There are 2 protein chains.
Amino acid sequence: MATVSRVLAGNYPVTHSTRTKVLRAVRQLDYVANAHAKALAGSGVETIALVLDDITWPAFAQIGAGVEQEAARRGRLCLVCTTQGDQQRELAVVNLMREQHAAAVILVGGLQYTAEYRERMGRFARSLDSVGSRLVLCGRPPIGEGLPVTVVEYDNEGGAYVATAHLLGAGHRRILFLGGERGQSTATGRLAGHERALAAYGLEPDPELLTYADFSRESGLRRVREAVRASTSFTAVFAATDMVALGALEGLREAGLRVPEDVSLVGYDDIPVARELTPRLTTVHVPFDELGRTAARLVLDRREGVGGGGDRVLLGTHVSIRDSTAPPPAAPR
Amino acid sequence: MATVSRVLAGNYPVTHSTRTKVLRAVRQLDYVANAHAKALAGSGVETIALVLDDITWPAFAQIGAGVEQEAARRGRLCLVCTTQGDQQRELAVVNLMREQHAAAVILVGGLQYTAEYRERMGRFARSLDSVGSRLVLCGRPPIGEGLPVTVVEYDNEGGAYVATAHLLGAGHRRILFLGGERGQSTATGRLAGHERALAAYGLEPDPELLTYADFSRESGLRRVREAVRASTSFTAVFAATDMVALGALEGLREAGLRVPEDVSLVGYDDIPVARELTPRLTTVHVPFDELGRTAARLVLDRREGVGGGGDRVLLGTHVSIRDSTAPPPAAPR
DNA sequence: ACGCTGCTTGTAACCGGTTACTGAATCCGC
DNA sequence: GCGGATTCAGTAACCGGTTACAAGCAGCGT
């Protein structure tokens, strides 16, 4: 038995004839070692846990693909759990991962950024750390110094700044902002970037143009309908996500407004559908796959003692200018 | 130690005072049981392994979501591995899952349907079976009777039949078919349905209208370009997947052809982008999430001794008629 | 007060590997 | 041909739980 173990591990001298016999038996019996026993004995494959709201959202799927690729490339398995935004389930999943002794738990996606959140993540971080695992926040706000956490973010606020600046630079002055929910971290950053750009152009944010709702397609449609019904005047729409932009586009069509001739439209995320729309959607590109790869890379480097990685990374964003933006019409509505 | 185990399992009488003490200690130490040790001892959470080409493809992501939901609902974990279409990696992954003693290994997606494939899957089925695991083929062709396999398919051929019949019924007679690779199982089924519909209308398949290439957007674009360049006459395009349809749409636009006024376009899969296109794409709806849920359900029912499930399920498909199809123009080009 | 019953807790074997240590066999030099 | 060094294979402890079984103890009847 010890010999078989050594042959399979290949880390100990075994006579050629013995090795051959063992391998033949292995093939005959179609033997594979029990991963749990290996894990228990301290050998065995590590797993990386990925926790996200919903794998069918393109942005999350891309992050997931990045994590999985990097994990696979380095011989790790990838455990995926979805929470549907349920905090209770998130707690359960993190504990489950602690039981599994996952090498890392990567939490993905924005959420309400509250003191309760920070406190909660702090507990997660410490309890994962206590079993040799590591918490990674991916596209989530950091939770303070001194905690065993790795954070991988993208320049959320900067992307929104540039997107709005792009509209302002084209001459737009009344931009309907379809933001996310108040307090939601991603939404907050995007709003901040938007307002900073307005300020840079000496504009006051007009409350009439600022809306807050969830990131769904439906909410984009609804809010554009409401703005049109209220005869709000605007020459551009900045949707806080591409999904919202999809709804907005439908709403604008309904109202007989052409994009970009009558109204310009900008999204955020650059999910694959953006370039399939008519007109192709100008949007803020977020390197989601890179985000996932980086998260996995940092945590695996750290595990393998390759220092250098660091515990905090900020990836850049940029605007992909396509066909949904143009200067405002001569006579703004 | 035994007492702690019993308190946490809750399957054995323990005095209230003892239980309280144990729970307090658990909370103080932030203790969680080691999942590997539990698994080794025969208790512990089961995991379901999902093996697919690429999680960012919307159809796969939906299947994945279905599997994950059903698995989570029933207290299982979901291990996701991608192969990027690499058979070698698939083999490695299946063996890895055998080591992990996964309750089931769900293989997703079409591929070359050869004798070698059947032989290979037969080996997978038996070797997984030998460790108490179960092979599930999801959207893949079955591999013969008498093997320990569960198969969940959708009516691939039927969907193609109805889609083509829809075009024929509208008056189209020259339909450019953008098929998949020859021998690829999904592609073969869709081609068969297409040809059966043609035959039902008394039409011979015209080799000039039948093309075969991969399921990428790029291949759709390329093939439409070639058809236009060759002045092939057609009034409709049937793309074997929505991704191919995306490329086809771009190609038609390039050629100055309006959809659906000049050329009708039908896709297959009904991925979310289909309804965002202009015009909204008529396509064959495939219940991918249901496919995933069913795969997980069948295999878990079997495991829990709930018979009834069966080992072979065929889900229905239907055409979602949207705006990309219309009768052919009066004077066909 | 003693023995019996029934409930609770403790003990130890087992799950299936890994690996330090022990022991046997081979090879070498003299 | 023999002692010592060197290989290689076997033994057993350990990883961290579960659970059958043994044992302790309280409560009860007599």
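These legends walk through several views of a predicted model.

View 1. Chain A is built from 11 helices and 12 strands. Its C-alpha trace spans about 90 × 40 × 35 Å along the principal axes. Of the 333 residues in chain A, 48% are buried. Take the contacts in this chain between residues at least 6 apart in sequence: 76% of them join residues at least 24 apart.

**View 2. Chain A and chain B can be laid on each other.** A turn of 180° with a shift of 0.0 Å along the axis places chain A on chain B, and the RMSD is 0.0 Å. The two copies are thus related as by a two-fold rotation axis.

**View 3. Here the two chains touch.** In this view, 37 residues of chain A are in contact with 37 residues of chain B. Which elements of chain A each supply at least two residues of the side that touches chain B? They are helix 3 (35-40), helix 4 (58-73), strand 2 (77-82), helix 5 (87-99) and helix 6 (115-130). Sorted by class, this side of chain A has 19 nonpolar, 12 polar and 6 charged residues. The copies meet through the same surface, because 100% of the interface residues of chain A are also interface residues in chain B.

**View 4. DNA strand C has residues of both chains around it.** There are 23 residues around DNA strand C, and those that come nearest are Ala2(A), Ser5(A), Ala2(B), Pro13(B) and Thr18(B). Helix 1 and helix 3 of chain A, together with helix 1 of chain B, are the elements that give two or more residues to this surface. Helix 1 of chain A gives the most, with 5 residues. By class, the surface near DNA strand C has 14 nonpolar, 7 polar and 2 charged residues.

**View 5. Now turn to DNA strand D.** How many residues surround DNA strand D? There are 22, and the closest are Ala2(A), Pro13(A), Thr18(A), Ala2(B) and Ser5(B). The largest share, 4 residues, comes from helix 1 of chain B. The residues of the surface near DNA strand D divide into 13 nonpolar, 7 polar and 2 charged.

**View 6. Look inside the largest nonpolar core.** This core has 186 residues. Which residues have the most contacts inside it? They are Val105(A), Ile106(A), Val105(B) and Ile106(B). Leaving aside neighbours within four places in sequence, Ile106(A) is in contact with Ile48(A), Ala49(A), Leu50(A), Val51(A), Val67(A), Val136(A), Cys138(A) and Ala295(A).

**View 7. Our last stop is Ala236(B).** You can find Ala236(B) in strand 8 (residues 236-239) of chain B.

Technical notes: Residues numbered from 1 in each chain as written. Chains lettered and ligands numbered in written order. Predicted model: local features only at pLDDT ≥ 70, side-chain atom pairs only at ≥ 80, totals over all residues. Near = placed C-beta within 6 Å. Nonpolar A, V, L, I, M, F, W, Y, C, P; charged D, E, K, R; others polar. Contact = placed C-beta atoms within 7 Å. Core = buried A, V, L, I, M, F, W, Y, C linked by C-beta atoms within 7 Å. Buried ≥ 20, exposed ≤ 12 C-beta atoms within 10 Å, placed from the backbone. Least-squares fit on C-alpha atoms with pLDDT ≥ 70 in both.
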